[in-house]
Amino acid sequence: MRYSLIITIIIVLGAIFVSGCLDHQDEQEEEIPWNLTLTDGESTILLSMEDIRALKPVTGHAYAVSTVGIRYGPYRVKGVDILDLLDLIGGAGENDLLYISAPDGYLWVFDTEQASGSGFLTFNTDLKEIPSPPLRVIIAYEQDGKPLTYNDGGPLRLIITSDTSDVITEGSSWVKWVDRIEIRRR
Ligand SMILES: Nc1nc2c(c(=O)[nH]1)N[C@H]1C(S)=C(S)[C@@H](COP(=O)(O)O)O[C@H]1N2
Ligand SMILES: [Mo]
């Protein structure tokens, strides 16, 4: 009896200690070294977080629905327009495809129409499909004024933004932990 009480206390203290460490890690998020590779198969550019923050920032509203119907957002997000990143390696042609991927192996393919903000499914806040307003695809590094945390898909996440806070897009295309943007020339 008494042993199980002691073991419970040890487990509780252990959990508190571990969550303390995790919190601490969260605070250090900004310092995680991260590079973004841009490539079209011929030329390749490596950008640091510093390089990315030096590019023209854009902001927008971001609101997503997961594949199981959970909404997250709306957020205010800040990042770089994906078109500006593509321009660094010569831009994407009409028929090219964009392979956006992350170290966990996740990959989402966009066409160039989507890169310029059209051709996505959009929903209102009741999750009813609506005609798409103009959207923007950004590689975001800030959410609600703070650096994107690892849990939120940071330091870099692909986010589809709109000019208003009432437009929902599909979260499955919001690639977390983006470290590679590849133009597949066709
Ligand atoms: N790198 C990466 N990005 C990802 C995923 C993933 O597994 N890996 N899952 C996607 C899916 S299916 C959804 S619904 C959202 C979930 O976002 P959340 O984890 O912030 O809730 O992230 C998307 N981006
Ligand atoms: Mo999902």
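This is a predicted model: local features need pLDDT of at least 70, side-chain atom pairs count only at pLDDT 80 or more; totals for chains, interfaces and linings use all residues.
1. Local features here need pLDDT of at least 70 and side-chain atom pairs count only at pLDDT 80 or more, while totals for chains, interfaces and linings use all residues. Residues are numbered from 1 along each chain as its sequence is written, and side-chain values use heavy atoms, with hydrogens and water left out.

2. Around ligand 1 there are 13 residues (a residue counts if one of its heavy atoms lies within 4 Å), and the closest are Tyr72, Asp104, Arg157, Trp174 and Lys176. This shell divides into six nonpolar, four polar and three charged residues.

3. Oxygen atoms of ligand 1 lie 2.5 Å from a side-chain N or O atom of Lys176 and 3.0 Å from one of Arg157, whereas a nitrogen atom of the ligand is 3.0 Å from a polar backbone atom of Trp174. Taken alone, ligand 1 exposes 530 Å², of which the protein buries 74% (Shrake-Rupley method, 1.4 Å probe).

4. Glu182, in strand E13 (residues 180–184), counts as buried because its relative accessibility is 15%, the limit being under 20%. Its side chain makes a polar contact of 3.3 Å with that of Arg180 (a donor and acceptor pair of N or O atoms within 3.5 Å). Leaving out residues up to four places away in sequence, Glu182 touches Thr39, Leu97, Leu98 and Tyr99 (heavy atoms within 4.5 Å).

Note on methods. Chains are lettered from A and ligands numbered from 1 in the order in which they are written. Ala, Val, Leu, Ile, Met, Phe, Trp, Tyr, Cys and Pro count as nonpolar, Asp, Glu, Lys and Arg as charged, and the others, Gly among them, as polar. Helices (H or I, at least four residues) and strands (E, at least two) are DSSP runs, numbered from the N terminus. Buried means under 20% relative accessible area, exposed over 50%, partly exposed in between (1.4 Å probe, protein chains only).
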